Amino acid sequence: MGQYLVGLNLIRHINPRRMAILLDHFPSTQAIWEATQAEIAVLPGFAAVAAQIVSERSDEAMERELENAEEKGIQLVTLLDPEYPPLLREIETPPPVLYVKGDLNVDTTRTIGVVGTRRSSGYGRAVASRLAYGLGRLGLIVVSGMAGGIDTAAHKGALKASAHTVAVLGAGFGHLYPASNRGLAGRIEGAGTLLTEYPLDMRPARWTFPQRNRILSGISRGVVVVEAPARSGALITARFALEQGREVFAVPGNLTSTASTGPNRLIKDGAKLVEDTGDIIGEFPDLSALIHPPAEQAQAKIPSLSEQERGVYERIGLEPVHIDDIISHGGFSPTEAAHILLRLQMADLIREVEGRRYIRNP
């Protein structure tokens, strides 16, 4: 009977709350599909929309959606299917249908959300990438929303660790957003999971992203907010996480930065402050054994360095450091400093940003 959930999901007047009421009231999805206007109108909140719901039910539209999904290689998972993510099933308004590309099996005992603003700083993106990379190296699954900024950095960090990452989309697969992340979507499909509750032709809208955020938090055991201004979708995700009984974490930021307002406020209100992956893993006793990666992994990340190279590397963090600071701190000549920095860049440990400043790669 899963096809009826697909059909009901196409009806624009059935939002997640109304779907939950329908599923709770009727004995089966087929019964909902065949219900009369009068039977639907008596339900709370349905009097004004019962006629539209009945008129919009279409066997043809349902069959067309099923056929299009199959043609595009998109798997459909409904609440009635055993493959449905168990953690997501527990939330108050679980999506009745998930459209999935990539790996259908998401182990929700190992999922951590990493979210933040699109208008992120270089520092925020570096932190998101580093955290996601670290979580991925520990065998955890990084969940985010594939938006620009922090979300993109989180997905890329997980992919760099060759880890599973899940992107929860704010539109249908026919309208991937943002378009600039189509390449990233392809990489995630090959190494992880793309999923959405929206029908194939659903375009992104202002309301679709806040609604999808309950899925992002619902499929995660905890959510880390990296950067988020006072009015941010990432804070909506954090609110959903609290309502769903998930852990909420936040990365502290510069007091003068509007992007740090949200995380700093979350910390003030009791969210766990995050400096590294250990702060996240420590909240989950069953995952605590993963805090320390195998020794060979740790060694693989940092190749053999000379004493001078290691000193410079340790001097460079996620905030840009000017070459003049490196020269004065290490007592190098400009030529010596330039050679050391070049060797560290060739080892993919640091990179140059604006104005002869350098930051560490995650």
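Visitor: What makes Phe249 and Phe284 count as buried?

Guide: Buried means under 20% relative accessible area, with over 50% called exposed and the range in between partly exposed (1.4 Å probe, protein chains only). Phe249 falls in the buried class, and so does Phe284. This is a predicted model, in which local features need pLDDT of at least 70 and side-chain atom pairs pLDDT 80 or more, while totals for chains, interfaces and linings use all residues. Residues are numbered from 1 along each chain as its sequence is written, and side-chain values use heavy atoms, without hydrogens and water.

Visitor: How many aromatic pairs are there?

Guide: The count is four. Rings of Phe, Tyr and Trp (its six-membered ring) pair if their centres lie within 6.5 Å; planes under 30 degrees apart are stacked, over 60 edge-to-face, and the rest tilted.

Visitor: Why is the pair of Tyr4 and Trp33 called tilted?

Guide: The ring centres of Tyr4 and Trp33 are 6.0 Å apart and the planes stand at 40°, so the pair is tilted. Tyr4 belongs to helix α1 (residues 2-9) and Trp33 to helix α3 (residues 29-34), 29 residues apart, so the pair links distant parts of the chain. Helices (H or I, at least four residues) and strands (E, at least two) are DSSP runs numbered from the N terminus.

Visitor: How do you know whether Tyr4 is buried or exposed, and what about Trp33?

Guide: The relative accessible area of Tyr4 is 13%, so Tyr4 is buried. Trp33 has 8% and is therefore buried.

Visitor: What kind of pair do Phe249 and Phe284 form?

Guide: With 6.2 Å between the centres and 50° between the planes, Phe249 and Phe284 form a tilted pair. Phe249 is in strand β8, whereas Phe284 is in the loop between α14 (277-281) and α15 (295-301), 35 residues apart.

Visitor: What makes Arg118 lie over the face of Phe209?

Guide: A charge sits over a ring if NZ of Lys or CZ of Arg is within 6 Å of the ring centre and within 35 degrees of the ring normal. Arg118 lies over the face of Phe209, at 5.3 Å from the ring centre. Lys160 lies over the face of Tyr133, at 5.9 Å.

Visitor: Why does Thr208 count as buried, and what does Thr208 touch?

Guide: Thr208, in helix α11 (residues 208-218), has 0% relative accessibility and so counts as buried. Contact means heavy atoms within 4.5 Å. Leaving out residues up to four places away in sequence, Thr208 touches Gly170, Tyr198 and Arg203. A polar atom of the Thr208 side chain lies 2.7 Å from the backbone oxygen of Gly170.

Visitor: Where is Val321 found, and why does Val321 count as buried?

Guide: Val321 is in strand β10 (residues 321-322). Its relative accessibility is 13%, so Val321 counts as buried.

Definitions and conventions: A polar contact is a pair of N or O atoms within 3.5 Å; within protein, one must be able to donate a hydrogen and the other to accept it, and residues adjacent in sequence count only if both atoms are side-chain atoms.
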